[in-house]
Amino acid sequence: MMGQGPAPFLELQGVTKRFPNGTLALTDISLAVGDGEFLAIVGASGCGKSTILRHVAGLVAPTAGRITWSQPLAAGGVGMVFQEPTLMPWARIRDNVRLPLDLAKVPRAEADARVTALLAQVGLADYAQAYPRELSGGMKMRASIARALVTRPRLLLMDEPFAALDEITRQKLNDDLLALWREQRFTAMFVTHSVYEGVYLANRAIVMAPRPGRIHADIPLDLPYPRDEALRTDARYAAACRTVSLALADAMRGAA
Amino acid sequence: MSALRRLAPVILGMIVLAAWEGLVRLLAVPAFVLPPPSAVVAALLADPNTLGLSLWFTLTVTLQAFALAVTGGVALAILFTRSPLLASALYPYAVILQVTPVMAIAPLLLVWVGYERVDLAQLILAWIVAFFPILGNTTLGLRSADAGLRDLFRLYGASKWQVLWRLELPSALPYLLAGMKISGGLALIGAVVAEFVAGSGTGSGLAWRIVDASNRLNTPRMFAALALLSLLGIAIFALLSLVQRLALRRWHDSEASHP
Ligand SMILES: Nc1ncnc2c1ncn2[C@@H]1O[C@H](COP(=O)(O)OP(=O)(O)OP(=O)(O)O)[C@@H](O)[C@H]1O
Ligand SMILES: [Mg+2]
């Protein structure tokens with residue numbers, strides 16, 4: 001849909017990563033991500049999905065290749081939701097969510113206003129004063145998403161954020177996430193094990209093959225937004241899931 | 001049920017004291033071998049000023065050593081985690097200091113600081129004993145900060161100072177508090193041992209009272225000084241436990257899991 005435009009928001013060019021212990025995690029990853037795209041990355045365990053996100057986040061440096069941006073991002077331009085909620089257990093939820101703003105020394109009053117608004121948006125207004133241990137798994141994940149969005153990032157990286165949640169909570173959070181994405185127009189890279197989740201959310205699916213990690217297929221998903229429960233029984237949704245599943249099975253077979 | 005459980009040690013103590021008193025009287029055990037509890041209380045009340053002053057002196061040395069151990073231990077732990085080179089250079093010597101019996105260092109230390117500054121020698125000896133749990137625990141705690149949170153701080157370009165202040169120190173707090181509980185008791189032990197081996201300086205602590213009473217075969221007074229030492233140790237432990245509970249109860253599993 002997008003992404004094929006002249007100036008991609010973000011581009012990985014021949015990114016290769018060999019870890020110090022010799023593991024070749026990624027080979028020659030080339031991928032252009034358009035502004036405002038919602039990218040789903042699917043692939044078997046260990047094929048390098050997390051490693052791609054960590055490269056984009058700047059947490060690891062590629063062994064070869066490079067990552068270019070259409071324009072330099074300000075601090076807080078990239079938000080990340082990890083597989084675990086990764087909250088500071090000693091800090092209240094509102095302090096956890098405010099952390100990125102505190103680190104950037106955003107004035108307290110402005111930061112608090114933004115945190116309050118976001119907590120309301122993710123449905124945690126009543127838990128601002130709570131400590132993480134007092135929240136359920138899904139609520140912690142919401143707090144983690146609020147924290148990732150609090151800097152109003154241009155790019156949101158999500159690494160299997162809902163993998164540990166039950167199906168109902170997961171679908172609810174998927175809908176909430178889509179609403180936030182449509183409202184704030186950030187670019188999203190969403191790693192998931194679930195083809196159904198990926199297709200439900202994204203407008204483009206990247207299928208990865210393992211050992212060494214590489215891109216096996218790049219599948220546009222031209223299902224219309226807004227997406228809701230009705231989509232799950234839509235024939236086009238089923239067809240898209242089938243296409244991605246087949247590509248995934250193919251990628252695994254190639255590796256075996 | 002829980003009230004009974006809380007009272008259980010007190011009741012047991014009363015029974016033991018009563019039995020002790022009764023048996024000593026019944027068997028007419030001489031007071032210099034084993035005084036009855038009443039005689040110990042009498043010895044305490046006979047000379048409350050001297051014993052109180054000694055208690056104060058021991059308390060002062062203990063608290064000074066403890067405070068220095070905490071500040072020094074935390075500061076060195078921070079330094080260790082900033083500079084791996086410094087850590088590997090210094091750590092073996094910290095261990096040597098720790099494993100060498102403090103009694104064995106005392107005479108040497110006395111020569112170095114001078115016999116006219118026994119107080120200082122006592123303080124240093126107590127500090128050496130109390131220091132290591134703080135250093136070890138805090139170093140471990142600073143390093144144990146969650147890797148995911150470290151990534152998060154990096155993602156947002158946190159400075160080293162921000163990482164230390166907002167991530168590493170809070171992560172280390174449970175470890176530090178556990179270390180302080182051990183260290184508080186050790187500071188008292190250190191202060192007493194130091195007085196035994198280094199002797200008394202300007203003031204006389206409880207250890208000296210015990211040696212003195214022992215020389216005079218005044219066993220009730222020995223017990224009185226001993227009881228004060230125990231009370232001091234219990235008070236330090238209870239206070240640090242309270243601090244630990246207050247600091248951790250809302251968020252840390254070790255304290256928060258108590259109903
Ligand atoms: N720090 C590291 N040091 C060495 N090898 C690593 C490191 N991080 C990841 N790897 C290796 O790189 C490969 C890809 O790991 P990665 O975590 O990106 O997989 P993944 O696709 O996210 O898997 P999963 O779906 O299970 O999370 C794996 O073989 C893993 O063992
Ligand atoms: Mg992963």
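Tutor: Here is the interface, followed by the ring pairs.

This is a predicted model, so local features need pLDDT of at least 70 and side-chain atom pairs count only at pLDDT 80 or more, while totals for chains, interfaces and linings use all residues. Residues are numbered from 1 along each chain as its sequence is written, chains are lettered from A and ligands numbered from 1 in the order in which they are written, and side-chain values use heavy atoms, with hydrogens and water left out.

Start with the contact (heavy atoms within 4.5 Å). Chain A gives 27 residues and chain B gives 20. The buried area is about 2100 Å²; that is the accessible area (1.4 Å probe) the two parts lose on being put together, summed over both. Carbon and sulfur atoms give 63% of the area.

Now the charges. A salt bridge needs a side-chain nitrogen of Lys or Arg within 4 Å of a carboxyl oxygen of Asp or Glu. The rule finds 4 across this interface. B:Arg250 forms a salt bridge with A:Glu134, with the closest N and O atoms 3.3 Å apart.

Next, the chain B side. Helix 7 (147-155), helix 8 (160-198) and helix 11 (253-256) of chain B each give two or more residues to it. Helices here are DSSP runs (H or I, at least four residues) and strands are runs of E (at least two), numbered from the N terminus. Helix 7 of chain B has the largest share, 7 residues.

Turn to the rings. Rings of Phe, Tyr and Trp (its six-membered ring) pair if their centres lie within 6.5 Å; planes under 30 degrees apart are stacked, over 60 edge-to-face, the rest tilted. The whole structure holds 12 aromatic pairs over all chains. A:Phe9 and A:Trp69 are edge-to-face, because their centres are 6.0 Å apart and their planes at 90 degrees. A:Phe9 lies in the segment before strand 1 (10-18) of chain A and A:Trp69 in strand 4 (residues 64-69) of chain A, so the pair ties together parts 60 residues apart in sequence. Buried means under 20% relative accessible area, exposed over 50%, partly exposed in between (1.4 Å probe, protein chains only). A:Phe9 is buried at 2%; A:Trp69 is partly exposed at 27%.

In chain B, B:Trp127 and B:Phe131 form a tilted pair, 4.8 Å centre to centre with 35 degrees between the planes. Both lie in helix 6 (residues 118-143) of chain B, 4 residues apart, about one turn of the helix.
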